Amino acid sequence: MTNNKTILTWLEEMKALLNPDNVVWIDGSEEQLEQLRAQSVASGELTKLNEELLPDCYLHRTAINDVARVENRTFICSKKEENAGPTNNWMDPQQAYKMLYDIARGSYAGRTMYIIPFSMGPIGSPLAKAGIEVTDSIYVVLNMAIMTRTGQKVLDVLGDSNDWVRGLHSRCDIDEEKRYICQFPEDNTIISVNSGYGGNVLLGKKCFALRIASYQGWNEGWMAEHMLILGIENPQGEVKYVAAAFPSACGKTNLAMLIPPEYLKEQGYKIWTVGDDIAWMRIGPDGRLWAINPENGFFGVAPGTNEKSNFNALASTKQGTIFTNVAYDKDNGNVWWESLDKNPPENGIDWKGNPWNGKTSSEKGAHPNSRFTAPAKNCPCVSSEFDSTTGVPISAIVFGGRRAKIAPLVYQSKDWENGVFVGSTMASETTAAASGAVGVVRRDPMAMLPFCGYNMGDYFQHWLDMGKKLGDKAPKIFNVNWFRLDDEGHFIWPGFGDNMRVLNWIIARCENKVAAQETAIGYVPYSKDIDLTDLDFSIDTLNDILKVDREAWTKEAEEITEHYKKFGDKLPTELKTQLDNLKKGLAK
Ligand code: SAT
Ligand code: MN
C-alpha cells in the first residue's frame, strides 16, 4: 500500500511487539468493509439491524466496565512533567512505553492486526493531517471508516512524509486495572490498551484531533479545539460561521444541527452543520480564522435524541450507522434508547445484554453514554462546505457549559483577551460522558480540560497570541448557558431550536447591528433584542436569566482565583489582569 519507510519501519516494530496471526490493510473500499461487517456479525461482535428500518446499520455492546472515556487513566507522556501541566496526568515517556509495551506484548496472538490509514480533515486539505491506527478490533475499523476518511488515498497524499500520527490500539483483556490511554505529543504517538469504547479507541478523535493536535497547533501556530462548527444562513442567502465549545454531552450535536423556529424558517433562515465536536482552525491568507472539521461522522450521545430534540441527528442515524450500548428490540431488529419515543420494546435486550422489558423495567435500556456513529453525509443539514479544503471563516466563537445558576443566557466578551478569560474560566456540571460523579461543577477551560495535550497555562498563552495575530479580524467571543434551572429544578430557557434566537443576537453583534449593555462580565443583551416571537416566554423571565447577579459573581470571582492558582507561573499576566478587572468591575 505504501513505500513510506517511516510507516513500514513502525509497522514492523508493531508486528514484532503484538504478534498478530494476520495483517490486513484497510484500503477504504466498500467491499472490504462489507466483508468485515459480515465477519463481525458472524462472530457476534455486531448485530445486524432491520435492513428495511435501518439499512446497513449495526448494534455493538462494549464490556460493562468499558462505557466511557477514563480521564484518570489518560496520560500525557511529555519528556518534562511541566509540559503536561497541572490539569493532565503525566507519565515519563520511557517508563510509559515500557509499561504499555509489556501490557500489549503478544496481545494480537490469535487475532488480526488491522492497519488503518486515516486522514483527519478532507484528504489533501492543507489543514488535514494523516494517521495510522493499528487495532485488533473490527468495531474500531468500522467506526474509524465512518468517523474519518480512510484508505489508500491517505497514503497516496502522504507520500514519504514523516508527518503522521502513530496510533496503537489493543483490546488486550479489557482489564480496567491495566487500561491506559497515553499520548506522546513529542513523538506523534498514541497508545491505548484494554478498552474497546469510543473515545478511548477511535484514536483519530480525542487522542489525535485534540490531544496531539492541540500540541501540534501550539508549535505550528494553529488551534485544535473541542468545538462544533455551524453556518447560519440569513434570508439574503449570506452564511456566517460560528464555532462553539461545550464540554462532552452538553448539546454540541444538538446546537450544530439546530432547526430554527417556524417563523425564522419562513423568513428564510437556515442552519448548516460543518462539525459537531472538533474544529481545527488556522489564520487564512485573508487574515481571518478559518476552520475545518477534521472528522467525517458524528459520534453522538443517543439518549435524549429524538425527533423533537434533534431531528437531523436522528435522521443521520437511519443508514450506515453503528449503535453502541443502546437497547435492542428483538421483535423488530430495531434500537431504542431513553426518550427516543414513548414506545420502548417489550421484548428487548438492554445495553448490558440482558433480557429487558422497556414497558415494565425500572432499569435503563440504553447506557446514558450510549452512542451512534453516523456518517456526516447522512445529515439533512450538512453544509455544502463540509468537504471544503479551505474550511469556513469563523465570525464568532461561543463558549458554554451547564450552569444551573450564575451564567446568563448569553453575553459577549469585551474583546479577544477578555474572551480568552471567559473561556479559561468556563465551568460546567459533569455528565455521563466520562466516568466519575455526575452533576458536580468543575472548571473546564474552553471545554478542553480532558483534551489539552500540553500545559494549559501555555495553551492560554497560545490563545492570547492567536488573538494578537488576528488583530481586528479576530472572531468575537461569546458565552452562553442554556441550562439555567428554576427553583423546582426545571430548565428555564426552552433551548434546542429556540437557541437560534440567541445565535441571531450573536450574529447581529458581530455585524454591529445591535446595542448591548456593558456589565462587569461583558456585554449583555437588552431583553428587547432577543426575539421572542411565537414563544410563550415572558420578558421578565428573560430579564431574570440575563441578569448579572453581583453577589453570585463575586463568589464566582473567588472561585476563579482558586482555579487560576493551579497554573502558577504559567498563568499569563493578561489573564491575572482580567481577573482583577472583573473584581474591580463587580465592586463598583
Ligand atoms: O467518547 S468520546 O470521547 O469520543 C465522546 C465524548 O466524550 O465527547
Ligand atoms: Mn466531545
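The legends below describe close-up views of a predicted model. Local features need pLDDT of at least 70, side-chain atom pairs count only at pLDDT 80 or more, and totals for chains, interfaces and linings use all residues. Residues are numbered from 1 along each chain as its sequence is written, chains are lettered from A and ligands numbered from 1 in the order in which they are written, and side-chain values use heavy atoms, with hydrogens and water left out.

**View 1. The manganese site.** Lys-206 (NZ), His-226 (NE2) and Asp-277 (OD) coordinate the manganese ion (ligand 2) at 1.9 to 2.2 Å. Donors are N, O and S atoms within 2.8 Å of the metal (3.2 Å for Na, K and Ca); water is not among the atoms, so sites may look incomplete. Along the chain the donors follow the spacing K-x19-H-x50-D. His-226 lies in the loop between strand S12 (223-225) and strand S13 (227-233), and Asp-277 in the loop between strand S15 (270-275) and strand S16 (279-283); this pair, 51 residues apart, links distant parts of the chain. Helices (H or I, at least four residues) and strands (E, at least two) are DSSP runs, numbered from the N terminus.

**View 2. The largest pocket.** This pocket holds about 990 Å³ of space. It is lined by 45 residues, and those closest to its centre are Ala-249, Cys-250, Gly-251, Asn-254 and Arg-402. A pocket is an open set of points on a 1 Å grid over the protein atoms alone, with protein on both sides within 12 Å along at least five of seven lines; a cavity is a set where a 1.4 Å probe fits but cannot get out, and lining residues have an atom within 4 Å of a point. Grid points are joined across faces, edges and corners, and a volume is the space filled by probe spheres set on the points. Helix H9 (252-256) gives the most to the lining, with four residues. The lining divides into 20 nonpolar, 15 polar and ten charged residues. Ala, Val, Leu, Ile, Met, Phe, Trp, Tyr, Cys and Pro count as nonpolar, Asp, Glu, Lys and Arg as charged, and the others, Gly among them, as polar.

**View 3. The second largest pocket.** The volume here is about 620 Å³. Among the 27 lining residues, Glu-30, Ala-145, Ile-146, Pro-375 and Lys-377 are the closest to the centre. Helix H2 (30-43), helix H5 (138-147) and strand S8 (149-150) give two or more residues each, and H2 gives the most, with four.

**View 4. The largest cavity.** Strand S29 (476-480) and helix H16 (550-565) each supply at least two lining residues. By class, seven are nonpolar, five polar and three charged.

**View 5. The second largest cavity.** About 40 Å³ is the volume of this cavity. Its lining includes Arg-69, Glu-71, Ile-181 and Lys-206.

**View 6. Packing of H12 on H17.** Helix H12 (residues 416-424) and helix H17 (residues 573-587) pack at about 85°, with axes 10 Å apart. Axes are lines fitted to C-alpha atoms, for helices over the stretch in contact, and angles run from 0 to 180 degrees between N-to-C directions. H12 and H17 are therefore roughly perpendicular (65 to 115 degrees; under 35 is roughly parallel, over 145 roughly antiparallel, the rest oblique). Glu-417, Asn-418, Val-420, Phe-421 and Ser-424 of H12 meet Glu-574, Leu-575, Gln-578, Leu-579 and Leu-582 of H17, where contact means heavy atoms within 4.5 Å.
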